[in-house]
Amino acid sequence: PRALAAPSRLSNSFIVAEGDVAHFLLATFAATRLAEALSSAHENREGWRSRGAAAACLLACNAALQALGATWVKGGALDESDPRLPDDGAGQSSFPARVPALLAAFAALPWMCSRALARAEGTRGTRVAVSAALAAVGLRVLFSGTGIKTLARVTGWRVVDAFAARADVALARCAYAASLLAAAASAKRRKTSRGSLSGDGDTSSRSETVATARAAMWSAMPVLVMLAGERGALWGVLAVTQASFLARAVGSGGDDATLAWGWYVMTSQLFFAGGHRCAFDGLHFACAFTGFSEFNFFVMGTLLAVNTWSGNIIACASLPAAAAELVPETPEKSFPNAFQSSLARACLGYSLMQNVGLLVSTAFVALERRHLMVWAIFAPKFAFEACGMVMGEALLASAAARHAPRDASGPIRARRGARFERGAAR
């Protein structure tokens, strides 16, 4: 699969069809993990079943995300649920068909968050804030879709437009505020848990480490879902489920390079599954105004970047939890050191994959700088790769800082103190 990934940056035909290539590469990755699990059935009778089931579920999530991305592209920039669109047969028939799936996804997200953080202590505030943010996002989607159409038949367009505009802004800002509260509660919990530890070094358990990583990811999930539109809940459910199954498919004691490669392919796949493409006219500019009526360059730019590289946010936020899955079953006292080594290798491998992709894209753009399609295809691909790499590196640094041991700065401070004492003695 790694040999097949290079042509996607060396040909304009592959760049145009890169979404299908990304889904194919992830499906190949899952099929390879399934074959490895089946081949090791005689050696590990217990572990091969969980790894095989995770690989099969990874294939299913990949197929569902590919179908979701195809419908997103077909829908275009317009939202079929907009009541101001003409009532033709296509829009009316397609929206009611997917209403049960959308409602099920919005109902599943708070439950998934509660299940992911239920085993860790001190996560009640994060769970409540995330549930409140998701409720605001769900009400916002309901008021902009079927609910608005129902009110339109009773009250008329003017009343509905005024109500929808106010509800859209208010609910969006409530979701932003609740997500910030969830992030603050997660950070406070991490600081409190560090302060309550005893002994030399960090003695946090596996469940505590995984809960910390998941809390950071779920704090950002409501904003990602809201910016993605009405299909955002489906995308969020499938993305979180797929990341969990990918880590389990690699298995405990698996290869860090394999995890990094799968994570890199998943990042690209989530980009295209979210309805994005490597073209400047493919940016979802409307999402930048979610909850705001006046233009602000920094706010709108931040929201647009968050929506465009939402796959990077999911991947980097959940990578520490996946690195914890790679640590073999060891005593709790030795887990922190093993986790730090596994996380460092996973982050470096994922960063290496991103930089190799950017290097190949840069070399090809430089080689084909006089090509007729350089500004239509090659230059946008390079720009998206470069911006994605910068955001990915920043997110990786943030994730590594969150999971750094409590006494990570101890040796540095000791060396500085020794130098100061020697200087004072002189």
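**Close-up 1. Helices α13 and α14 cross in a right-handed sense.** The model shown here and in the other views is predicted. Helix α13 covers residues 310-326 and helix α14 covers residues 335-367. Their axes lie 8 Å apart, and the packing angle is about 140°. That angle makes α13 oblique to α14, because only angles over 145 degrees count as roughly antiparallel. On the α13 side, the contact is made by N312, A315, C316, L319, P320, A323, A324 and L326. Facing them from α14 are F335, F339, S342, L343, A346, C347, Y350 and Q354. By class, this contact of α13 with α14 has 13 nonpolar and three polar residues.

**Close-up 2. Helix α10 packs against helix α13 in a right-handed crossing.** The axes of α10 and α13 come within 9 Å. They cross at roughly 30°. The two helices are therefore roughly parallel to each other. From α10, the residues in contact are W235, A239, A243, A247 and V250. They meet S310, G311, I314, S318, A322, E325 and L326 of α13. The contact of α10 with α13 has eight nonpolar residues, three polar residues and one charged residue. L326 of α13 takes part here, and L326 also belongs to the contact with α14.

**Close-up 3. Helix α9 packs against helix α10.** Helix α9 runs over residues 206-228, and helix α10 over residues 232-250. The angle between them is about 145°, with the axes 8 Å apart. Helix α9 contributes M217, W218, M221, V225 and A228 to the contact. Helix α10 contributes G232, A233, G236 and V240. Seven residues of this contact of α9 with α10 are nonpolar and two are polar.

**Close-up 4. The largest cavity is lined by 16 residues.** The structure holds four cavities of 30 Å³ or more. About 240 Å³ of space lies in the largest of them. Nearest its centre are T267, S268, N312, F384 and E385. Helices α11 (256-273) and α15 (374-402) each supply at least two lining residues. The lining of the largest cavity divides by class into seven nonpolar, five polar and four charged residues. N312 links this view to the first: N312 lies among the residues nearest the cavity centre, and N312 of α13 is also part of the contact with α14.

Methods. Residues are numbered from 1 along each chain as its sequence is written. This is a predicted model: local features need pLDDT of at least 70, side-chain atom pairs count only at pLDDT 80 or more; totals for chains, interfaces and linings use all residues. Side-chain values use heavy atoms; hydrogens and water are left out. On a 1 Å grid over the protein atoms alone, a cavity is a set of points where a 1.4 Å probe fits but cannot get out, and a pocket is an open set with protein on both sides within 12 Å along at least five of seven lines; lining residues have an atom within 4 Å of a point. Grid points are joined across faces, edges and corners, and a volume is the space filled by probe spheres set on the points. Helices (H or I, at least four residues) and strands (E, at least two) are DSSP runs, numbered from the N terminus. Ala, Val, Leu, Ile, Met, Phe, Trp, Tyr, Cys and Pro count as nonpolar, Asp, Glu, Lys and Arg as charged, and the others, Gly among them, as polar. Axes are lines fitted to C-alpha atoms, for helices over the stretch in contact, and angles run from 0 to 180 degrees between N-to-C directions. Angles under 35 degrees count as roughly parallel, over 145 as roughly antiparallel, 65 to 115 as roughly perpendicular and the rest as oblique. A crossing is left-handed if the near helix is turned anticlockwise from the far one by less than a right angle, and right-handed if clockwise. Contact means heavy atoms within 4.5 Å.
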